[in-house]
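Subject: Structure handover

Hello,

Here is the structure I promised to pass on. Please open it first, then read the notes below.

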Amino acid sequence: MFFSVVIPTYNRLPILQKCLRALEQQDYDSGLIDGYEIVVVDDGSTDDTIGWIEQQKAHFPHVSLFLQNHQGAAIARNLGIEKAQGDTIIFIDSDLVVTPSFLNAHAQSLIKAQEKLGHDRTFTYGAVINTANFDNPTSEPYKITDYSAAYFATGNVAIAKKWLEKVGKFDPNFRQYGWEDLELGVRLKKIGLKLIKTPEAVGYHWHPPFNLQQIPKLIEQEIQRGKMGVIFYQKHPTYEVKMMIQMTWIHRLLWGILSLGGRLNEKTMKPLLQWLIDQGKPQLALEIARIFLNWYNVQGVYEAYNTSK
C-alpha cells in the first residue's frame, strides 16, 4: 500500500514542525508499504507556516503543500483527499507527533484485519496520548483520560481512499469546530466498515498547559461545537447522535446541576482555577473548568436547535 498522510493545519507552526520531522523519520517494512507522502493543507494560516515549509523543502522530501482560504478542517481534509496520490489515507492533526513505527503499525494492522476478515471493509484507529510536554512529547505515558470510544476520529486513523470517496468525503457544512469526523463515521458504519483498534500506531497530541487566557477560546469552541452538533443531528436524527452531542434532558440536568445553573462559571471559578495552576496542576484545573464548558456546550446546542426550527 502507499500511504498519504493528510494533515490540515492552521497557525500551528511550532508543533507542525515537530509533527513533520517525526513523519520524515519513519522506519517501515518495504514489503508492506510501497512508500508514503505527507499532504499538508494550510487552511489560511496567518503565521509563517507557508514560508517555512517552502524554505525547508529539501529537508522534507515527502511533503506536498496545498493552500486554501480559511474554511475549516472538513474542507481542508477533502482537498487533501483530492490531492492524495496514495490508495490509503492516514488522517492526523498538525499537533500530533508520531513514533518511527507509526506507518508500519497501521499497515500491519490493516493487512492482518483483511486476512482475518476476508474483506477490506476495515480501517485502523491508532492511540492518541495527550501531552503538554512540547520539548519531548513522546515521553508522555498513557493515561486513562486518553481513552477514546469514538468509532471514527481524524486524530489518528488509516482508511482506504475508495471508502472516503464512496460515502462522499467530509460534509463541507461543518465549517466550525467539531463533529465533522464523527458524522463521516456514521456514514462509514452504514456501509459496513469495521473499526480495528491499533494502539501500536501511537501519536502524541500536544496542547499547551491550561491557563486562564485560554478560556474565552475554549468557550467559543464549545458554542461552535453545539452549532455543529445540531447539523450532525439534522443529518442523522437518532437518539445515539443526540447523546453524542449532549442534546438530551439528561445532559441539560447534569451540567445544570454541576454548574449550579451556570453560577459556577469562568468568573466565579477563576480563583480556584488559578490556584490549581499555581500549584502545578493545570490539567486538574482544566478538568474542573469542563463543568462550565460543558454547560456552555449544552446551552449552545439548544440555542442552535431552536434557531434552526
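Predicted model: local features only at pLDDT ≥ 70, side-chain atom pairs only at ≥ 80, totals over all residues.

Strands of a sheet pair through backbone hydrogen bonds, either parallel or antiparallel. Both senses can be seen around β8.

- Strand β6 (residues 122–131) pairs with strand β8 (residues 194–206) in the parallel sense, over 10 bridges. Thr124 has Ile196 in β8 as its bridge partner.
- β5 pairs with β8 in the antiparallel sense, over three bridges. Here Val98 stands opposite Gly203 in β8.

**Helix α1**

Is helix α1 buried or exposed? Eight of its 11 residues are buried, so the helix (residues 13–23) is largely enclosed by the rest of the structure. The buried residues are Leu13, Ile15, Leu16, Gln17, Cys19, Leu20, Ala22 and Leu23.

Asn11 lies in the loop between β1 (2–9) and α1. Its phi is near 55°, a positive value in a residue other than glycine. Asn11 is partly exposed, and its relative accessible area is 30%.

**Two partners of α11**

Take α10 (residues 270–278) first. The two helices pack at an angle of about 160°, with their axes 7 Å apart. Angles over 145 degrees count as roughly antiparallel, which makes α10 roughly antiparallel to α11. Their crossing is left-handed.

Which residues of α10 and α11 meet? From α10 come Leu272, Leu273, Leu276 and Ile277. From α11 come Pro282, Leu284, Ala285, Ile288, Ala289 and Phe292. By class, this contact has 10 nonpolar residues, no polar ones and no charged ones.

Now take helix α7 (residues 215–235). α7 and α11 pack at an angle of about 40°, with their axes 7 Å apart. That makes α7 oblique to α11. The crossing of α7 and α11 is right-handed.

The α7 side of the contact consists of Ile215, Leu218, Ile219, Glu222, Arg225, Gly226, Lys227, Val230, Tyr233 and Gln234. They meet α11 residues including Leu286, Phe292, Leu293, Tyr296, Gly300, Val301 and Tyr305. How do the residues of the contact of α7 with α11 divide, and into what classes? There are 12 nonpolar, six polar and three charged.

**Single residues to look up**

*Thr248.* Thr248 sits in the loop between α8 (239–244) and α9 (249–258). Thr248 is buried, with a relative accessible area of 4%. What is Thr248 in contact with, leaving aside its neighbours within four places in sequence? The contacts are Tyr239, Lys242, Met243 and Tyr302.

*Trp179.* Trp179 is in the loop between α5 (161–167) and α6 (180–190). Phi of Trp179 is near 80°, again a positive value in a residue other than glycine. Trp179 is buried, with a relative accessible area of 11%.

*Ala73.* Ala73 belongs to helix α3 (residues 73–83). Ala73 is partly exposed, with a relative accessible area of 28%. Leaving aside neighbours within four places in sequence, Ala73 is in contact with Asp43 and Glu180. Lys217 is 144 residues from Ala73 along the chain, and their C-alpha atoms are separated by 17 Å.

Best wishes

Note on methods
Residues numbered from 1 in each chain as written. Heavy atoms only, no water. Axes fitted to C-alpha atoms, helices over the stretch in contact; angles between N-to-C directions. Helix = DSSP H or I, 4+ residues; strand = E, 2+ residues; numbered from the N terminus. Parallel < 35°, antiparallel > 145°, perpendicular 65-115°, else oblique. Left-handed = near helix turned anticlockwise from the far one by under 90°. Contact = heavy atoms within 4.5 Å. Nonpolar A, V, L, I, M, F, W, Y, C, P; charged D, E, K, R; others polar. Buried < 20%, exposed > 50% of the residue type's maximum accessible area, 1.4 Å probe, protein only. Pairing = 2+ DSSP bridges.
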